[in-house]
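Trainee: I've got a model open and I'd like to learn how to read it. Could you walk me through a few features?

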Amino acid sequence: MAYQIPLLIGGNMVPSSTEQWLEVHNPATQKVIARLPCATEAEVAAAIQAAGDAFLTWKETPVPERARLMLRYQALLKEHHDDVARLLSRDTGKTFEDAKGDVWRGIEVVEQAANISALSMGEALENVASGVDCYSLTQPLGVCVGITPFNFPAMIPLWMFPLAIACGNTFVLKPSEQDPLVPMRLAELFMEAGAPDGLLQVVHGGKDVVDQLLIHPQVRAISFVGSVAVGQHIYRTGTDHLKRVQAFAGAKNHMVVLPDANRQQAINNLVGASVGAAGQRCMAISVAVLVGEAASWIPELQAAMAKVRPGIWNDPKAGYGPQISASAKERVLRLIAEGKREGANCLLDGSDAEVSGYPNGNWVGPTLFSGVTTNMTIYREEIFGPVLLVMTVDSLEDAIALVNANPYGNGTSIFTASGAAARKYQHEIQVGQVGINVPIPVPLPFFSFTGWRNSFYGDLHAYGKQAVRFYTETKTVTARWFDDDVVASPNMSIHLK
Ligand code: NAD
């Protein structure tokens, strides 16, 4: 029988007593690689309770000690980097290079969490009134929850629990049911790094488990990353139950190409950013907006895309791997068919892609559409596959208007040699992450991951200083120490003198 994934509760890997199990498949072969329990209500409650109990001591643990746990964790993750990446490739089908990037971008956040002392410092000001000093402190919230998607099973859990725990909180992680093996390995390594019992729990399942976490009275904050429909549900339910919520959602990212851009660079970057990771990145470029003369580059773009092919994780010639599941592939194929039906020009169609020796993999080849208009389903919906739409406009102003009219605001980029055009784009675009001659502008963890509009619901974003504020309360102290020889008369006003 396939490996049965345990739950992590109170420092122990425990088998679930559930009767509901899901299968985890290798997306290149459909082979069942594990069975995943949908945790029972009692198991989810036990996980939250364990986190609540551990919080009572962890919140009193000195900040440098919390930071040292992160340093040890960072070292272990680096030591096991390639093993985790290999597991990630097996679980998601990502190429080894891409899997290593997923792990590495997570390790960078752990490095940032090790800097928690500096990040969580408050502010102080002497003499805000005569003999009165004022200072602010940051204090942890309590039990925090993370609900993560399939597409970055290392990086996105690592966006969440290391920073939350470094801030003094305890955590319950509910990873994607599609590729849970990597999050489990991350949890094992965290325990090996010396994390006290109960700091991190991992529970598995789908909507029922998530919904229980969203409304539980002991849960203080919820971080979610996933699709827009689920993100809206998480944000509404969580905030309705008076939780702090950050929900990172879907995307439709545009890359604007001006005719003065370096042609080869722009084309190569468009190809990598659209079909890389099988298009299953929330920051993937799914729309190329070619401005003016750049419209004549379409044949070159088509030729460059045609050279890329999917393949298995350790094939050095594979550009990317399979879609995560048969149903994800089916969805992409449905949207490609819909694009053709609605009249877009399908210049490359990857619907029939095959990979020799892997007839059951969820393969989709690079797909390119031109003549796309904003009312088409392929433009309105997030495809999340290796599909690039090309649109042409006359001017930079038209490109900006097009991008700003799209409901999503996760990422965008502009390729140009003009500083003035780039500055105008950066200033006027209503998107939270902008690349200038950088196709996928995912910020490093000393900044924050700042999607806007329908790509994000909440106020404070992931990692960086914003995450520290998300995972902490600010307490402000106003203090006066009396000189006993001087007795002040009653102050009848709120004015501090
Ligand atoms: P998903 O929304 O299907 O699942 C995400 C998580 O929510 C999983 O843990 C899943 O079990 C849970 N879930 C699914 N349905 C639910 C429901 N009805 N109620 C409660 N919980 C539910 O997303 P996915 O397919 O795993 O990931 C792909 C999506 O994630 C894409 O839309 C992509 O753009 C988005 N994404 C966004 C970002 C970002 O930073 N904005 C980053 C990565 C992925």
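**Ligand and helix contacts**

Mentor: Start at the ligand: one of its nitrogen atoms sits 2.7 Å from a backbone N or O atom of Ala249. That's a polar contact, meaning a pair of N or O atoms within 3.5 Å. Keep in mind that this is a predicted model, where local features need pLDDT of at least 70, side-chain atom pairs count only at pLDDT 80 or more, and totals for chains, interfaces and linings use all residues. Residues are numbered from 1 along each chain as its sequence is written, and side-chain values use heavy atoms, with hydrogens and water left out.

Trainee: Which side chain has a polar atom 2.6 Å from an oxygen atom of the ligand?

Mentor: Glu177 does. The side chain of Glu382 also places an N or O atom 2.6 Å from a ligand oxygen.

Trainee: How much of the ligand does the protein bury?

Mentor: The protein buries 87% of the 840 Å² that the ligand exposes when taken alone (Shrake-Rupley areas, 1.4 Å probe).

Trainee: How are two packed helices described?

Mentor: By the angle between their axes and the distance between those axes. Here, H4 (residues 96-113) and H6 (residues 155-166) pack at about 10 degrees, axes 8 Å apart. The axes are lines fitted to C-alpha atoms over the stretch in contact, with angles from 0 to 180 degrees between N-to-C directions. So H4 is roughly parallel to H6 (angles under 35 degrees; over 145 is roughly antiparallel).

Trainee: And at what angle do H3 and H7 cross?

Mentor: H3 (residues 81-92) and H7 (residues 181-192) cross at roughly 155 degrees, with axes coming within 9 Å. They're therefore roughly antiparallel.

Methods
Helix = DSSP H or I, 4+ residues; strand = E, 2+ residues; numbered from the N terminus. Parallel < 35°, antiparallel > 145°, perpendicular 65-115°, else oblique. Polar contact = N/O pair within 3.5 Å; in protein donor to acceptor, adjacent residues only side chain to side chain.
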